[in-house]
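Welcome! Here is a short briefing to read alongside the structure.

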Amino acid sequence: MTNLVLDDRFARDLPEMAVRWRAEEAPDPRLLVLNERLAATLGLDPDWLRTPDGVRLLVGNSVPGGATPVAQAYAGHQFGGFAPRLGDGRALLLGEITDTDGRVRDLHLKGSGHTPFARAGDGLAAVGPMLREYIVSEAMAALGIPTTRSLAVVATGRQVYRETVLDGAVLARVASSHLRVGSFQYAAASGDRDLLRRLADHAIARHHPQAAEAQNPYLGLFEAVLAAQARLIARWMLVGFVHGVMNTDNMTISGETIDYGPCAFMDVYDPETVFSSIDMWGRYAYGNQPAVAAWNLARFAEALLPLLADDLDQAVTMAETALGAFGRQYEAAFTEGMRAKLGLSRADGEADERAVTGLLEELPNLLRDNHIDYTSFFRALGRAARGDTEPARGLFVDLAGFDAWLNRWRALNPDGDAMDRVNPVYIPRNHLVEEALTAAAAGDLAPFENLLDAVTGPFDERPGLERHAQPAPEDFGRYRTFCGT
Ligand code: AMP
Ligand code: MG
């Protein structure tokens, strides 16, 4: 038994955006992976979660009395085109939990069956993609990047029909909330200003309470979301994360990374890196992510216009002014992060500032032109800061070009140990993720657990994990990822 209490604050505050629904019955639920530490922070007993009753909770087939699972409505721009009614087609919000730190967290299921928002979809998910979300989101959390968390993956015992027949699974995930830019677009498109206001008040109370103190709380909300997203996208860029489907329904109000579908980490540095099979034009390429975030925030501002001011022109001016801050905030967060990656955190006067600016401007071209593995480079550079320059130099073809950069950088006295605390050794490398998921699909979870162990301690180099620090082998080829899997 559990004393779990699930609140239904979202459903109570915003009934127009919540459809009461139940998870489809899982014929033969089997727990594949459980995040015991996360469970503990939620006040959930991991031993109980492993029992048949616990597993039934994790697939939504047994919910505590008083809980109101709902499918959430939202809209969204998908690849630039507006879809007024998306919503949770294969997901459910079971309810909100107060964690041991007193924070309100959504307990949410993905792959829990067809809902009224499913359109042509089957409402289901396969084991591989749910394990994939689990490992990438937990890697992001371990890198210190705001993200939804993964609590468990349970195989349902139901078959899922994709290109082949696959085993079905449900991912139980935890988030500060599942409010999206698309949630506001849905409320705005409904034309119901009271709904939009309630949604904004709900978001302010839940995520950005300081906005309530602002002269214009709704402008305060916009500015707070913009600031959180500027920081988030900078963090993605600093680790080489490509989200892959930055539609406005996949951008949170909390500033957490959400909806791990076609995402992947870049190996060789190239701003044009795209993994998603449907992203033909590279809209969501690595190097486009800051610009796309700004575009999405403009759509968020549009949705908020009716709340910003009674006069539309005035509201537009306010939104445009606020939006103008995104580039500056993003650049500031990115530059600060890059300084840390280069071991140059302490700003040391104007000359230092100029020297660092020059190094930062030249680095992207050096990395791209020499086909450098992005993650390995910064660890190798940490060794160079401690005097061993060969691992970094060995990566470059244009040695003269790199040496010139290296000497100027070393003259600034970079701190190699500080670099190793921010530059990961282990990321969920695409070839290792694929290898782990292939084994898992065949019933062997050991490679998955091994990789999970590596990427959840990303900064500490450990014996036995040498393979996990290596770039993809030459014959791995071009990596492709998929949506809605
Ligand atoms: P996303 O992949 O997160 O961008 O999802 C976009 C929309 O498609 C959301 O409304 C999802 O709920 C919906 N969706 C994705 N896959 C499925 C599926 N297999 N069945 C039903 N709805 C789905
Ligand atoms: Mg989504």
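The notes below cover the domains, the nonpolar cores and a pocket.

This is a predicted model, in which local features need pLDDT of at least 70, side-chain atom pairs count only at pLDDT 80 or more, and totals for chains, interfaces and linings use all residues. Residues are numbered from 1 along each chain as its sequence is written, and side-chain values use heavy atoms, with hydrogens and water left out.

**Domains**
- The domain assignment gives domain 1 (9-175) and domain 2 (181-336), with bounds that come from an automatic or database assignment.
- Their C-alpha centres lie 23 Å apart.
- Where the two are in contact (heavy atoms within 4.5 Å), 36 residues of domain 1 and 39 residues of domain 2 take part.

**Nonpolar cores**
- A nonpolar core is a set of buried Ala, Val, Leu, Ile, Met, Phe, Trp, Tyr and Cys residues joined through side-chain atoms within 4.5 Å, where buried means under 20% relative accessible area (1.4 Å probe, protein chains only).
- The largest nonpolar core has 130 residues, and Phe184, Leu221, Phe300, Leu381, Trp409 and Phe448 touch the most other members.
- At least three residues of this core come from each of domain 1 and domain 2.
- Leaving aside neighbours within four places in sequence, Phe300 is in contact with Val181, Phe184, Leu221, Phe222, Val225 and Ile253.
- Another core, of 26 residues, lies apart from the largest one and includes Leu6, Leu34, Trp48 and Val154.

**A pocket**
- The second largest pocket has a volume of about 660 Å³; a pocket is an open set of points on a 1 Å grid over the protein atoms alone, where a 1.4 Å probe fits, with protein on both sides within 12 Å along at least five of seven lines, and its volume is the space filled by probe spheres set on the points, joined across faces, edges and corners.
- Of its 25 lining residues (an atom within 4 Å of a point), Asp267, Val268, Tyr269, Ala472 and Gly477 are the closest to its centre.

Notes: Chains are lettered from A and ligands numbered from 1 in the order in which they are written. Buried means under 20% relative accessible area, exposed over 50%, partly exposed in between (1.4 Å probe, protein chains only).
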